[in-house]
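Please read this briefing alongside the sequence and the model. It goes from the whole chain down to single residues.

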Amino acid sequence: MLTSDDLKFIAVLARFSSASSVARALNTHVATVYRRLRSLELLAGQQLFVRVQGRYEPTPLGTALAASSESIDLHLADANRRLAGEDARLDGHITITTADSLVPLVSRLLASFREQQPRIGFSLAVSNSFADMTRYEAEVAIRPTKTPPEALVGRQAGNFSYWPFRSGDHPVSRGWIALEGNVASIPAARWITDNVDADDIVLRVDSMWAAAQAASAGLGQALLPSYLGRELDLVPCGETIDVLQSEVWMLIHPDLRRTSKIRAFLGFGAPYLRASLDF
């Protein structure tokens, strides 16, 4: 009979479509991936995947089994959220996701909070994309955004603006540091695309933190959140961009609203961040 691990394997292969990617995701060897797929197809009595231009494409049965795994994961995440939602203890662990630009502020927030609640520990996942809170990938998201997802609830933890910043220790450069990749769609990246001549771009990076570090090294000017420019002692070299005014939010799944450790963290964290964001 199929096990939940078998379904997970099928779902991962359907998602990544290559044996090497599955091996990395499951921390195993490529040869093991091949053997396991062969074993599952013998059990099913038919193909679960077909090779198309070097990639594994699921058959109708493979697609159905992958969907079953997704359903199991969603039900398990729902059960874990509901269990956590009734937890009245002020101890344990909180998983947080945040953007790279907020890591210094969030790190200081965690240190200050633990002075009051030393029995609560943390995991910090740094990503410029929202974690899937429905799948319980994180319990608290601390994000720079003016439009938090409607499926989440939380607290607005302050406002910030965007400024062009440069290093105070290097000659003024007319060049700009642009944003691409994972952050190409954020308003600041689009502003640079619309307002800066391509010939003036001296560097393109895929994270706000990298843009700030490059500006600090004297490579050029970067359009950064006010809190990040201040963090690295950068010098504003222009006016604030009013249309880019934004906010920081602390967000959770609604099932966690009654969790004592989450309520305590949000109650402490929102005013802490608000004070830190003043510029």
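Which residue in strand 9 stands opposite I177? I177 faces L203 there. The model is predicted, so local features need pLDDT of at least 70 and side-chain atom pairs count only at pLDDT 80 or more, while totals for chains, interfaces and linings use all residues. Numbering starts from 1 along each chain as its sequence is written, and side-chain values use heavy atoms, with hydrogens and water left out.

**Whole chain**

- The chain has nine helices and twelve strands. Helices (H or I, at least four residues) and strands (E, at least two) are DSSP runs, numbered from the N terminus.
- Buried residues make up 42% of the 279 residues. Buried means under 20% relative accessible area, exposed means over 50%, and partly exposed lies in between (1.4 Å probe, protein chains only).
- Among contacts with a separation of 6 or more, 76% join residues 24 or more positions apart. Contact means heavy atoms within 4.5 Å.

- Five strands form an open sheet in the order 4-3-5-12-6, with mixed pairing. Two strands pair if DSSP finds at least two bridges between them.
- Strand 4 (120-126) and strand 6 (153-160) are the edges, and each pairs on one side only.
- Neighbouring strands are turned by 20 degrees against each other on average, direction ignored.
- Strand 3 (residues 92-98) runs parallel to strand 4, joined by seven bridges. T98 stands opposite V126 in strand 4.
- Strands of a sheet pair through backbone hydrogen bonds, either parallel or antiparallel.

**Helices across the sheet**

- Helix 5 (residues 103-116) lies across strand 3, strand 4 and strand 5 (140-144). Helix 5 runs at about 175 degrees to strand 4.
- Axes are lines fitted to C-alpha atoms, for helices over the stretch in contact, and angles run from 0 to 180 degrees between N-to-C directions.
- Helix 9 (residues 260-277) lies across strand 3, strand 4, strand 5, strand 6 and strand 12 (246-252). Its angle to strand 6 is about 10 degrees.

**Strands 8 and 9**

- Strand 8 and strand 9 (residues 201-205) pair in the parallel sense over four bridges.
- Both faces of strand 8 (residues 176-179) are covered. W176 and A178 are buried on one side, I177 and L179 on the other.
- In a regular strand the side chains alternate between the two faces of the sheet.

**Packing of helix 1**

- Helix 1 (residues 4-16) packs against helix 3 (residues 30-44) at about 115 degrees, with axes 11 Å apart. That makes helix 1 roughly perpendicular to helix 3. Angles of 65 to 115 degrees count as roughly perpendicular, under 35 as roughly parallel, over 145 as roughly antiparallel, and the rest as oblique.
- Helix 1 passes helix 3 in a left-handed crossing. A crossing is left-handed if the near helix is turned anticlockwise from the far one by less than a right angle, and right-handed if clockwise.
- Helix 1 contributes D5, D6, F9, I10 and L13 to this contact, and helix 3 contributes V33, R36, L37 and L40.
- By class, the contact of helix 1 with helix 3 has six nonpolar, no polar and three charged residues. Ala, Val, Leu, Ile, Met, Phe, Trp, Tyr, Cys and Pro count as nonpolar, Asp, Glu, Lys and Arg as charged, and the others, Gly among them, as polar.
- The axes of helix 1 and helix 2 (residues 19-26) come within 9 Å and cross at roughly 130 degrees. That makes helix 1 oblique to helix 2.
- Helix 1 passes helix 2 in a right-handed crossing. K8, F9, V12, L13 and F16 of helix 1 meet S21, V22, A25 and L26 of helix 2. These residues divide into seven nonpolar, one polar and one charged.

**Single residues**

- I262 is in helix 9. I262 counts as buried because its relative accessibility is 1%.
- Beyond four places in sequence, I262 touches I94, E139, V140, I252 and L256. I262 and I94 are 168 residues apart in sequence, yet 7.6 Å apart in space, C-alpha to C-alpha.
- P254 is in the loop between strand 12 and helix 9. P254 is partly exposed, at 24% relative accessible area.
- Beyond four places in sequence, P254 touches A151, L152 and V153.
- D233 lies in the loop between helix 8 (226-231) and strand 11 (235-236). D233 is exposed, with a relative accessible area of 66%. Its phi is near 55 degrees, a positive value in a residue other than glycine.
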